[in-house]
Amino acid sequence: MSLALNAINLKKTYDGIPVVNGISFEIKPGECVGILGPNGAGKTTTIKMIYGQVVPSAGELLVLGLNTKNDIAQIRSRIGVVPQEDCLDTDFSALENLLLFGRYHNMDRDLAEAQAEHLLAEMKLSDFKHKRVEALSGGMKRRLAIARALIHKPQFILMDEPTTGLDPQARLWIWNYFERLKSNNTTLVLTTHYMEEAERLCDRIIMIDHGVILDHGTAKELIERHVGLEVIELEVGKEKGYWINKVEQAGLRYQEYEENLFIFFKTAESKQGFISHIQNTHYYVRAANLNDVFLKLAGYQIREKS
Ligand SMILES: Nc1ncnc2c1ncn2[C@@H]1O[C@H](COP(=O)(O)OP(=O)(O)OP(=O)(O)O)[C@@H](O)[C@H]1O
Ligand SMILES: [Mg+2]
């Protein structure tokens with residue numbers, strides 16, 4: 001089976017400065033892949049190269065077997081895109097925005113109307129379909145941008161922070177909807193700053209910063225590799241140096257976070273041993289998660305040093 005996406009040594013420079021600096025990755029049909037990284041890491045630039053908004057400075061990019069250099073019109077007709085900025089036509093109504101996109105994709109009018117009504121219902125926008133986009137709330141515009149990307153029923157969807165600005169409830173049912181797309185074998189590539197979203201939806205995660213891939217794998221693999229099983233958050237305040245010494249002597253891995261140390265444990269036994277030393281200090285035990293991986297790999301301390 002051919003790949004849904006193949007990026008080979010992809011680069012983008014602006015004024016001689018690389019913002020995407022030689023990244024290579026593959027995405028299989030039906031996979032849901034999350035591209036994660038801090039602000040300015042190069043996520044949007046990467047996504048824009050995939051849908052032809054930004055021309056790579058070097059490298060090869062094949063989408064659905066087609067080369068972005070020669071076949072961008074054909075690629076665009078087959079993929080759905082939720083850009084980071086909504087880019088909706090604010091003078092038109094929600095419904096008209098969807099139908100406009102249907103025309104752009106040469107859809108039959110009846111089919112476009114049926115699909116628009118279906119998507120408006122899915123995005124809980126049916127009651128607002130005749131409202132001008134200008135009059136919609138931020139979260140509603142975001143949901144309309146998702147609907148617009150899906151109007152032509154693409155099998156490959158690129159979404160740049162699709163749920164940013166959505167309330168927690170809306171995020172939950174949008175995740176449900178994305179899960180339905182996944183079970184329908186749709187390929188999803190998304191960026192997000194919500195680690196919970198990535199953990200829940202993504203089969204694989206690519207962590208990037210400064211335009212390079214820091215690591216990739218399933219959320220579980222990344223958590224096990226970089227953090228472990230459990231984390232103790234220890235409030236150390238001004239005694240950080242003392243505690244870092246102690247943790248290092250115990251051969252444990254950790255991450256500094258403001259007035260806290262996050263101490264990583266591979267096993268429950270190693271955690272129990274450490275707890276016996278910290279009875280007089282305020283601490284909190286929790287499961288390791290993708291946030292820890294993010295802080296470890298792309299935390300601000302690392303960025304400041306580089
Ligand atoms: N058109 C441009 N001209 C010059 N520099 C640009 C341009 N577009 C992006 N950049 C720079 O490239 C870098 C990566 O930007 P990009 O938008 O890809 O980051 P991002 O990972 O999507 O960040 P965020 O999480 O904030 O959306 C940033 O330093 C940004 O300032
Ligand atoms: Mg971005």
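Colleague: Which residues does Glu259 touch, not counting residues up to four places away in sequence?

Modeller: Two residues are in contact if their C-beta atoms, placed from the backbone, lie within 7 Å. In this case Glu259 touches Glu235, Val236 and Gly237, once residues up to four places away in sequence are left out. Leu234 is 25 residues from Glu259 in sequence, and their C-alpha atoms are 8.6 Å apart in space. This is a predicted model, in which local features need pLDDT of at least 70 and side-chain atom pairs count only at pLDDT 80 or more, while totals for chains, interfaces and linings use all residues. Residues are numbered from 1 along each chain as its sequence is written, and chains are lettered from A and ligands numbered from 1 in the order in which they are written.

Colleague: Is Glu259 buried or exposed?

Modeller: A residue is buried if 20 or more other C-beta atoms, placed from the backbone, lie within 10 Å of its own, exposed if 12 or fewer do, and partly exposed in between. Glu259 is exposed, because 12 other C-beta atoms lie within 10 Å. In the protein, buried residues make up 37% of the 306 residues.

Colleague: How many bridges join S12 to S13?

Modeller: Two strands pair if DSSP finds at least two bridges between them. Here five bridges join S12, residues 253-257, to S13, residues 260-265, and the two strands run antiparallel. Gln255, for instance, has Phe262 in S13 as its bridge partner.

Colleague: What is the order of the strands in the open sheet of six strands?

Modeller: The order is S6-S7-S8-S3-S9-S10, with mixed pairing. S6 (79-82) and S10 (212-217) are the edge strands, each pairing on one side only. Within this sheet, S3 (residues 32-36) and S9 (residues 204-209) run parallel and are joined by four bridges, and Val33 stands opposite Arg204 in S9.

Colleague: Which strands does helix H1 touch?

Modeller: Axes are lines fitted to C-alpha atoms, for helices over the stretch in contact, and angles run from 0 to 180 degrees between N-to-C directions. Helix H1 (residues 43-50) packs on the sheet and touches S3, S7, S8 and S9, and its direction makes about 150° with that of S7.
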